[in-house]
Amino acid sequence: MAAAIDGDAAFGDIGAVQVIAAPGSGAAPLARATLDAATTERVLLLAEVYRRGPAWRFRAVGQGYEYGLDALARGYGVDIAD
């Protein structure tokens, strides 16, 4: 899961971002993470949901990128055409 800010703002300008994983919109959260160390980043990789063996896992990441979605995509091997 990732989030991006369009324009000149950065995640440091908006403050903490909370990520909550729950099995439904009205269900109690199974996991919660607050990411609040961003400064000049405009894109954040918030969390990963993945399967390990028979169980699903949730991992808060909080990796930031200053230069937009292109940097995130290229970090995962996606070719971006100009």
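Let's start with Glu48 and Arg59, whose side chains meet in a salt bridge at 2.4 Å, N to O. Here a salt bridge is a side-chain nitrogen of Lys or Arg within 4 Å of a carboxyl oxygen of Asp or Glu. The pair links distant parts of the chain, with Glu48 in strand S4 and Arg59 in strand S5, eleven residues apart. Glu48 is partly exposed at 21% relative accessibility, and Arg59 is partly exposed at 42%. (Buried means under 20% relative accessible area, exposed over 50%, and partly exposed in between, using a 1.4 Å probe and protein chains only.)

This is a predicted model, where local features need pLDDT of at least 70 and side-chain atom pairs count only at pLDDT 80 or more, while totals for chains, interfaces and linings use all residues. Residues are numbered from 1 along each chain as its sequence is written, and side-chain values use heavy atoms, leaving out hydrogens and water.

## A second salt bridge

The count comes to two salt bridges. Asp70 and Arg74 form one of them, at 4.0 Å, N to O. Both residues lie in helix H2 (residues 69–75), four residues apart, about one turn of the helix. Helices (H or I, at least four residues) and strands (E, at least two) are DSSP runs, numbered from the N terminus.

## The sheet

Three strands form an open antiparallel sheet in the order S1-S4-S5. Its edge strands, S1 (2–4) and S5 (55–65), each pair on one side only. Two strands pair if DSSP finds at least two bridges between them; S4 (residues 43–52) and S5 pair over nine bridges. Tyr50 has Arg57 in S5 as its bridge partner.
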